[in-house]
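Trainee: Before we discuss any details, could you put the sequence and the model side by side for me? I would like to work through it by asking you questions.

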Amino acid sequence: MSVSLFELFKVGIGPSSSHTVGPMEAARRFAEALERERLLASVHRLKVSLYGSLGATGKGHGTGPAVMMGLEGERPAQVNAEEMPARRERIRNTGWLSLAGQHQLRFRESSDIVYYRRKSLPEHPNGMMCQAFDREGRCLCEKTYYSVGGGFVVDATVDNTLRIREDDTSQPYPFSSGKALLALCREHDLTIADIMLANEQAWRSPAEIRSGILALWQVMRACVQNGIRHEGELPGGLKVRRRAALLYRSLMDKQRVDLISPSLSALDWVNLYALAVNEENAAGGRIVTAPTNGAAGIIPAVLHYYWEFCPQANEDGIVCFMLTAAAIGVLFKENASISGAEVGCQGEVGSACAMAAAGLAATTGGSPGQVENAAEIGMEHHLGMTCDPIGGLVQIPCIERNAMASVKAIDAAIMGLRGDGKHYVSLDKVLHTMRETGRDMLDKYKETARGGLAVNIIEC
């Protein structure tokens, strides 16, 4: 299965790639299927059923509004995030939804979107079923989708098993393990970024790849600036106050020369970058899924660290960083998981930390072996991390967790660069361990808000 950089990194909206981006895309596909099968005019009622983690924490993750936008034909990368609250209120107040942007029908969010908190579909924790009925109550169309993490959506077959739309595009340097990736680098005297760039050219020209990466970088930069600009409380009821704006003003009172010194002060800026992105994500703003929304602040924070604090930083370095990070992301996607509902937060924050560590090590001169070591360090020290969001919101501990992982990624890159690329535990072994740990983890620690901080915060 071939995975592109532009599948791992997608422009979308907060607060969750699996609970917001994925369900919006699934609902859009359902509306598109109704249009394609010429059923729109016959649809009198819709029902969207959310199961597993989607049912347990979907309300806190904004799944309902995302589904409504998808049913109206919106795509996550193109929907206007600032207009979404008003459009949601319009549907709620008027009781009318424009299916596929064409067919007006009655829609009540409270009854037509059902959250099954204790039921799951068989193939993945993030399952959803979409149904359309005619005026007599007959089911015109029924489809099941799984939001498998990072905004990826998989259709189910008639027997409710996953149907993965495999991309069998031929690539010059296919790899499915860290060992195979390093072997390709040695055999052809190429960097990891070179390998990924060559493979990406199976879909796009070098110029398109470069411009696409730099466009993603601009969205990341805009997200940081938006996070710095906005103040107040985050939505959802926890009354979590935004901190990025205040931290930015505090840091601007200092001299930049003091922050470049070998002290911990530069990490204040890394914290700022991560907090800004994840506060925007929690508020439903426009972000880059990297590789998930819950971990969307780590790669932008480390990229900003490279851009602002690494000597001779340039756009070539940004491209190298993203290509390298994507190669590591492919390994996570194919050999383990990036879904918090499947393996806990180790699959989201852990994978993003490893990807960011690899990218920073590569763009500052690391060899393929050193880059793989940096990624391994970044993941190894997130093994076993649970996903236990308080109130089902991507706020506590998610926002601070991104800041902590960003700092870890920088340290992992430094440790990798200080070594010679040889180390005891390989990235492949860590990936295997992460997958097995996720399987052993109780469901209450996998994005259900039924364990950990999500239930113990009241006692603290």
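Mentor: Let us begin with a term: a nonpolar core is a set of buried Ala, Val, Leu, Ile, Met, Phe, Trp, Tyr and Cys residues joined through side-chain atoms within 4.5 Å, where buried means under 20% relative accessible area, exposed over 50%, and partly exposed in between, with a 1.4 Å probe and protein chains only. The model is predicted, with local features needing pLDDT of at least 70 and side-chain atom pairs counting only at pLDDT 80 or more, while totals for chains, interfaces and linings use all residues. Residues are numbered from 1 along each chain as its sequence is written, and side-chain values use heavy atoms, leaving out hydrogens and water.

Trainee: Which residues have the most contacts inside the largest nonpolar core?

Mentor: The largest nonpolar core holds 106 residues, and helix 14 (residues 315-335) gives the most to this core, with 13 residues. Helices here are DSSP runs of H or I with at least four residues, strands are runs of E with at least two, and both are numbered from the N terminus. The residues with the most contacts inside this core are Leu5, Phe9 and Ile299.

Trainee: Which residues does Phe9 touch, not counting residues up to four places away in sequence?

Mentor: Contact means heavy atoms within 4.5 Å. With residues up to four places away in sequence not counted, Phe9 touches Leu216, Val288, Thr289, Ala290, Ile299, Met322, Ala325, Ala326 and Met355.

Trainee: How many of the residues of helix 13 are buried?

Mentor: Helix 13 covers residues 298-309 and reaches 16 Å from its first C-alpha to its last, close to the 16 Å expected, the expected span being 1.5 Å times one less than the number of residues. Among its buried residues are Ile298, Ile299, Pro300 and Phe309. Helix 13 is mostly covered, and the count of buried residues is 10 of its 12.

Trainee: How many residues apart in sequence are the parts that Asp155 and Arg29 tie together?

Mentor: A salt bridge is a side-chain nitrogen of Lys or Arg within 4 Å of a carboxyl oxygen of Asp or Glu, and the side chains of Asp155 and Arg29 meet in one at 3.1 Å, N to O. Asp155 lies in strand 8 (residues 152-156) and Arg29 in helix 2 (residues 17-36), so the pair ties together parts whose separation in sequence is 126 residues.

Trainee: Are Asp155 and Arg29 buried or exposed?

Mentor: Asp155 has 7% relative accessibility, and Arg29 has 15%. Both residues belong to a network of salt bridges that also links Glu25, Arg28, Glu32 and Arg36.

Trainee: Is Glu231, in its salt bridge with Arg249, buried or exposed?

Mentor: The closest N and O atoms of Glu231 and Arg249 are 3.2 Å apart. Arg249 is partly exposed, with a relative accessible area of 42%. Glu231 has 52% relative accessibility and counts as exposed.

Trainee: What distance separates the C-alpha atoms of Lys143 and Phe30?

Mentor: Lys143 is found in strand 7 (residues 139-149) and is partly exposed, with a relative accessible area of 28%. Leaving aside neighbours within four places in sequence, Lys143 is in contact with residues including Phe30, Ala33 and Glu37. Although Lys143 and Phe30 are 113 residues apart along the chain, their C-alpha atoms are separated by 7.2 Å.
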